[in-house]
Amino acid sequence: MKRSTNNASGSNSMLTLISVVIIVAFVIASALLVIPHVQQRMTDKAMRNGEQEPNVAFLAKEQNMSVEDFLAQYGLTVGDTVNADTLASEMVQNMTIGNYNKYVGEQGGTIDVSQFSDAVTEDTLYKDFVSMPAKKALGDEAFATAKQTYGLADDAVTDETSLQDFEKAVADAVNAKQQAASAEGQNAQTTGAAQETPAK
């Protein structure tokens, strides 16, 4: 009789152990399914709020489109260069200027190719455009005029300086002039205030 009781309790222990293992496995499987979904929601929220740069998959989802259809409207296809995980800034690099203008059109900041030399067309890839020497993109005369207007030295901006670096040099020059003008204005106010203070 004692043996049968031991066998029964042994069987119960085994059933309990199997039940626990099944429950644990179910909990782990559920967690593995839920965690990526929660992480994706947090990532999407960060992209939507501008806390994180959006990728192609997010941009496509925001327009209720597949990744393939989203890219196709800008002349791109899914491949090694651009895919669902590609960041927006990298995606833009692979667009033609025409498609770039279509992409940013609603936000502003389009590129007017008529402001550049014949080397820049609607079919020029954006990455080739920004890396193109500024002299080639602007043309000799416009390049020389811009250098003179913004006081850019020959050693700072050469014939091989890319358009992107040239625009940065122009922005730096404008900021330097604004800061100098602001400092002069403050000095003039300080001097004027000192002159108006009556001598004791």
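**Fold.** I counted 9 helices and 0 strands in the chain, where helices are DSSP runs of H or I with at least four residues, strands are E runs of at least two, and both are numbered from the N terminus. Read along the sequence, my note is simply α-α-α-α-α-α-α-α-α.

**Ground rules.** The model is predicted, so I kept local features to pLDDT of at least 70 and side-chain atom pairs to pLDDT 80 or more, while totals for chains, interfaces and linings use all residues. Residues are numbered from 1 along each chain as its sequence is written, and side-chain values use heavy atoms, with hydrogens and water left out.

**Overall cover.** I looked up burial next: 26% of the 200 residues are buried. My cut-offs are under 20% relative accessible area for buried, over 50% for exposed and partly exposed in between, with a 1.4 Å probe and protein chains only. The chain exposes about 14,000 Å², and carbon and sulfur atoms supply 54% of that area; areas come from the Shrake-Rupley method with a 1.4 Å probe, and for residues only the protein chains shown count as cover.

**Core.** Which residues have the most contacts inside the largest nonpolar core? I found Phe-70, Met-91, Tyr-103 and Phe-166, in a core of 37 residues. Such a core is a set of buried Ala, Val, Leu, Ile, Met, Phe, Trp, Tyr and Cys residues joined through side-chain atoms within 4.5 Å. At least two of its residues come from each of H2 (56-62), H3 (67-72), H4 (88-93), H5, H6, H7 (134-138), H8 (140-149) and H9 (163-196).

I then clicked on Met-91: leaving out residues up to four places away in sequence, its partners are Val-56, Leu-59, Phe-70, Leu-71, Leu-76, Val-82, Thr-86 and Tyr-103. Contact here means heavy atoms within 4.5 Å.

**Helix H5.** How many residues of H5 are buried? I got 6 of 8, namely Ile-97, Asn-99, Tyr-100, Asn-101, Tyr-103 and Val-104. Their cover includes H2, H3, H4 and H6.

**Ser-117.** This residue sits in the loop between H5 (97-104) and H6 (126-131). Ser-117 is buried, at 17% relative accessible area. Beyond residues up to four places away, Ser-117 touches Lys-136, Ala-137, Leu-138 and Gly-139.

**Salt bridges.** My search of the whole structure gave 3, counting a side-chain nitrogen of Lys or Arg within 4 Å of a carboxyl oxygen of Asp or Glu.

- Lys-135 pairs with Asp-159, with the closest N and O atoms 3.1 Å apart. Lys-135 is in H7 and Asp-159 in the loop between H8 and H9, so this pair ties together parts 24 residues apart in sequence. I logged Lys-135 as partly exposed at 25% and Asp-159 as partly exposed at 38%.
- Lys-147 pairs with Asp-154, the closest N and O atoms being 2.6 Å apart. Lys-147 is buried at 11%, whereas Asp-154 is exposed at 59%.
- Lys-168 and Asp-172 meet at 3.1 Å, N to O. They are 4 residues apart in H9, about one helical turn. Asp-172 is partly exposed at 40%.

I placed Val-21 in H1 (residues 2-48).
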